[in-house]
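Me: I have a structure open and want to learn how to read its features. Can we go through them one by one?

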Amino acid sequence: MKKRYTNLDLRSNLNASGGGALPHGFGNPGGSDMMGVQPRTAHRNTHMNQSGSLNGTVLLVDDEPLIRRMISRMLQRLGLSVVEAADGIEALDLYRRVGDEISIVLMDWNMPRMSGPETLASLRNESKDVPVLILSGQALSGSLAQAVSQVQGVLLKPFPRTGLENTLREFLT
């Protein structure tokens, strides 16, 4: 499936980090703050209700309590249920217990105890089908650049609620 590049912050991140050329079709002023979006059909237990809010359960993985709480509130305001994990070890434990209820995983890339790459590999061993969006405050390089082919996209922090909402609607509707 063709990827769509819409994160305007990516341009400055790539240039600042000495990254390569921008992908063809980069930039969408009305789009989300998403890089490398691969929309899929609705995943388990997810749909949009008649009021336009989203339904489903998000597994949110971030080691920063303040950021996790802020994103969790954004997700709840969109109508989603949220299961929170402070790191990859907690995320895998939760996924093993309630994975059938998880509609999408939003996970930080840089975490203690179990790194983003390790968490993603372990999560993919549990389920190849669950959509995963990586949350990162860093430019797309190294292990993060390699992971793009294994996930539905990368959401660069900080992002506005509307960017998060637009991105989730592509996967959860």
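Me: Where is the place of Pro158?

Reply: This is a predicted model. Pro158 sits in the loop between β8 (153–156) and α6 (161–172).

Me: What kind of peptide bond joins Lys157 and Pro158?

Reply: Look at the angle omega. The bond joining Lys157 to Pro158 is cis, with omega at about -5°.

Me: How many salt bridges does the structure hold?

Reply: For a salt bridge, look for a side-chain nitrogen of Lys or Arg within 4 Å of a carboxyl oxygen of Asp or Glu. The structure holds seven. One of them pairs Arg97 with Asp93, at 3.0 Å from N to O. Both residues belong to helix α3 (residues 88–98). They are four residues apart, about one turn of the helix.

Me: Which residues gather in the patch of positive charge on the surface?

Reply: Four names to find: Arg69, Arg73, Arg77 and Arg161. Helix α2 (residues 65–77) gives the largest share, three residues. Arg77 is placed in that helix, α2.

Me: Where in the protein chain is confidence lowest, and where is it highest?

Reply: Read pLDDT, the predictor's confidence in each residue, from 0 to 100. Helix α1 (residues 8–17) has the lowest mean, 34. Strand β5 (residues 81–85) has the highest, 98. Over the protein chain the mean is 74, and 66% of residues reach 70 or more.

Me: Over which residues does pLDDT stay under 50?

Reply: That stretch is residues 1–50. The model has 122 contacts for them beyond four places in sequence.

Definitions and conventions
Residues numbered from 1 in each chain as written. Predicted model: local features only at pLDDT ≥ 70, side-chain atom pairs only at ≥ 80, totals over all residues. Heavy atoms only, no water. Helix = DSSP H or I, 4+ residues; strand = E, 2+ residues; numbered from the N terminus. Contact = heavy atoms within 4.5 Å. Patch = residues over 30% accessible without salt bridge, like charges linked within 9 Å, V, L, I, M, F, W, Y side chains within 5 Å. Areas by Shrake-Rupley, 256 points an atom, 1.4 Å probe, with all protein chains shown as cover. Lys, Arg positive; Asp, Glu negative; His and termini not counted. Charge placed at Lys NZ, Arg CZ, Asp CG, Glu CD.
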